[in-house]
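These notebook entries record what I looked up in one structure. The sequence and the model are shown first.

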Amino acid sequence: MSTIDLGFVCEDHLNEDDLKDFECSRMGGPALFLKPMKDPVLCNCGKKMQLLLQLYAPGPSESSFHRFIYLFLCPNGACQTTGWSKGIKVLSYQTTEEDDMAGLLLDADYVCQYCEAREIEVDSEPGKEAEKAEDIDTSNIKIEENDTKEQYTKAQGDVAFLKFQKRLSREPDQVLRYYHDRNNDDALWCSENGKVTDIPACSCGAKRVLELQVLSTILAHLNIDFSQKDALDWGILNVYVCSAFCDKANSEYAEELCWRQEFSSQSILSVE
Ligand SMILES: [Zn+2]
């Protein structure tokens, strides 16, 4: 049984009632907050960030009965560095079943300039039989150029990227991958370059685990001018969260971690 759910962008824009439905995961703002943000969500460059995603993702414990993940972006693409990107901020907030959800408020401050709010619909990932790409024989990747060292690098890049393409072929419209097993080894990489090797633990001491990946396919749903030098762009965004669902997120918006991986130019060249 699949333990990975995929997220898809729904066509219709959300109306006011939908926006107030806290179980509705969505792309774009306004943000729905359980309690007001104490400080504005700012990038290191000083710009106010925008809400790209708000997900309802309940945890297994009493204190995480209701749980929200917010992914903010700096509108300045130059801040979207590779690795632990400063231009992306992920916050989590959770509460118990008994807590009053009546205080929910829509905060228009974080409205996304790239899209109108649309629901993210979730479905489980189909099995391997749904893959449309050809089987990859990694021992048999042919390279055309003649510098041996460079060929090796290219072939390595190909493997991760081809696996990535093949996995996406099960459901090419997916924009998000949600990992119920929270196993860091399950991460799907879009390149052999720029994989994370060391994931800092939560401040409570528990390790951080992969909860979800945001794919570059979501960029197609955003109004972005890709001719601009600093246009928003990424291969994959990995969101790592506290494995203990610790109660830090019950008293404040807890900062989680986001790792940004880019497509390597080698992978892209190889499929042309
Ligand atoms: Zn923690």
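**Entry 1. Ground rules**

I note that this is a predicted model, in which local features need pLDDT of at least 70, side-chain atom pairs count only at pLDDT 80 or more, and totals for chains, interfaces and linings use all residues. Residues are numbered from 1 along each chain as its sequence is written, and side-chain values use heavy atoms, with hydrogens and water left out.

**Entry 2. Aromatic rings**

I asked how many aromatic pairs the structure holds. The structure holds 16 of them. I counted rings of Phe, Tyr and Trp (its six-membered ring) as a pair if their centres lie within 6.5 Å; planes under 30 degrees apart are stacked, over 60 edge-to-face, and the rest tilted.

I then looked up Phe33 and Tyr70, which form a tilted pair, with 5.3 Å from centre to centre and 55° between the planes. This pair links distant parts of the chain, for Phe33 is in strand E3 (residues 31–33) and Tyr70 in strand E5 (residues 66–73), 37 residues apart. I take strands (E, at least two residues) and helices (H or I, at least four) as DSSP runs, numbered from the N terminus.

Phe72 counts as buried because its relative accessibility is 0%.

**Entry 3. Salt bridges**

I searched the whole structure and found 14 salt bridges. The term requires a side-chain nitrogen of Lys or Arg within 4 Å of a carboxyl oxygen of Asp or Glu.

Which residues form salt bridges with Glu125? One is Arg167, where the closest N and O atoms are 2.7 Å apart. That pair links distant parts of the chain: Glu125 is in the loop between E9 and helix H2 (148–168), Arg167 is in helix H2, and the two are 42 residues apart. Glu125 is buried, with a relative accessible area of 5%, whereas Arg167 is partly exposed at 22%.

Another is Arg177, with 2.9 Å between the closest N and O atoms. Arg177 is in strand E10 (residues 176–179), 52 residues apart from Glu125. Both Glu125 and Arg177 are buried.

I noted that salt bridges join Glu125, Lys128, Glu131, Lys166, Arg167, Arg170 and Arg177 in a network.

A further salt bridge is formed by the side chains of Arg182 and Glu211, at 3.4 Å from N to O. Arg182 lies in the loop between E10 and strand E11 (208–215) and Glu211 lies in strand E11, so the pair ties together parts that are 29 residues apart in sequence. Arg182 and Glu211 are both buried.

**Entry 4. Surface charge**

I looked for a charged patch and recorded a negative one formed by Asp21, Glu23, Glu119, Glu121 and Asp123. Patches are made of residues with over 30% relative accessible area and no salt bridge; like charges are joined within 9 Å, and nonpolar side chains (Val, Leu, Ile, Met, Phe, Trp, Tyr) within 5 Å.

Asp21 is in the loop between helix H1 (16–20) and strand E2 (26–27), and is partly exposed at 37%.

**Entry 5. Distant residues**

Asp21 and Leu104 are 83 residues apart in sequence and 9.3 Å apart in space.

Pro200 lies in the loop between E10 and E11 and is partly exposed, at 38% relative accessibility. Pro200 is 42 residues from Cys242 in sequence and 10.0 Å from Cys242 in space.

Where is Leu73 placed? Leu73 is in strand E5, and is buried at 3% relative accessibility. The C-alpha atoms of Leu73 and Val41 are separated by 9.5 Å, the two residues being 32 residues apart along the chain.

Notes. Accessible areas come from the Shrake-Rupley method with a 1.4 Å probe; for residues, only the protein chains shown count as cover. Lys and Arg count as positive and Asp and Glu as negative; His and the chain ends are not counted. The place of a charge is taken as NZ of Lys, CZ of Arg, CG of Asp or CD of Glu. Buried means under 20% relative accessible area, exposed over 50%, partly exposed in between (1.4 Å probe, protein chains only).
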